[in-house]
Amino acid sequence: MTANILIVDDQYGIRILLNEVLKKEGYDTLQAANGPEAVKLAKEQNPDLVLLDMKIPGMDGIEILKQMKADNPNIRAIIMTAYGELDMIQEAKNIGAIMHVPKPFDIDDIRKTVKDHLID
């Protein structure tokens, strides 16, 4: 069975890059550009893993993660942020994010991180 990964980022270029790279790795992908769309897709599709940007206009990553966890406490999320906001990173981990990837990220690191966290 192919793993299903939800990519949540307001930046179109990042979503497309991650989508292309992860599809080449053999994963099925979903994309969301904002919080409400991400929460809806997570609820409907129950992805195996979520790549979640923390800085999204309107509904930030913390609120998105809280809503996803309320719908599915077992959902697995890796947070991504270009900002060194340690408080936000720690809060996301307290809510249940499994790890943090700083942006800009190395695409090989993303490949390895996704693979490592889908095997658990």
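**Exercise 1.** Which residue forms a salt bridge with aspartate 53, and how far apart are the closest N and O atoms?

*Solution.* Start with the model. It is predicted: local features need pLDDT of at least 70, side-chain atom pairs count only at pLDDT 80 or more, and totals for chains, interfaces and linings use all residues. Residues are numbered from 1 along each chain as its sequence is written, and side-chain values use heavy atoms, with hydrogens and water left out.

Apply the criterion: a side-chain nitrogen of Lys or Arg within 4 Å of a carboxyl oxygen of Asp or Glu. Aspartate 53 pairs with lysine 103, with the closest N and O atoms 3.3 Å apart.

Aspartate 53 sits in strand S3 (residues 49–53), and lysine 103 in the loop between strand S5 (99–102) and helix H5 (107–119). They are 50 residues apart. Helices (H or I, at least four residues) and strands (E, at least two) are DSSP runs, numbered from the N terminus.

Last, check burial. Aspartate 53 and lysine 103 are both buried. Buried means under 20% relative accessible area, exposed over 50%, partly exposed in between (1.4 Å probe, protein chains only).

**Exercise 2.** Find the partner of aspartate 116 and classify the accessibility of each residue.

*Solution.* The partner is lysine 112, at 2.6 Å between the closest N and O atoms. Aspartate 116 has 33% relative accessible area, so it is partly exposed. Lysine 112 reaches 51%, so it counts as exposed.

**Exercise 3.** State how many salt bridges the whole structure holds.

*Solution.* The search finds eight.
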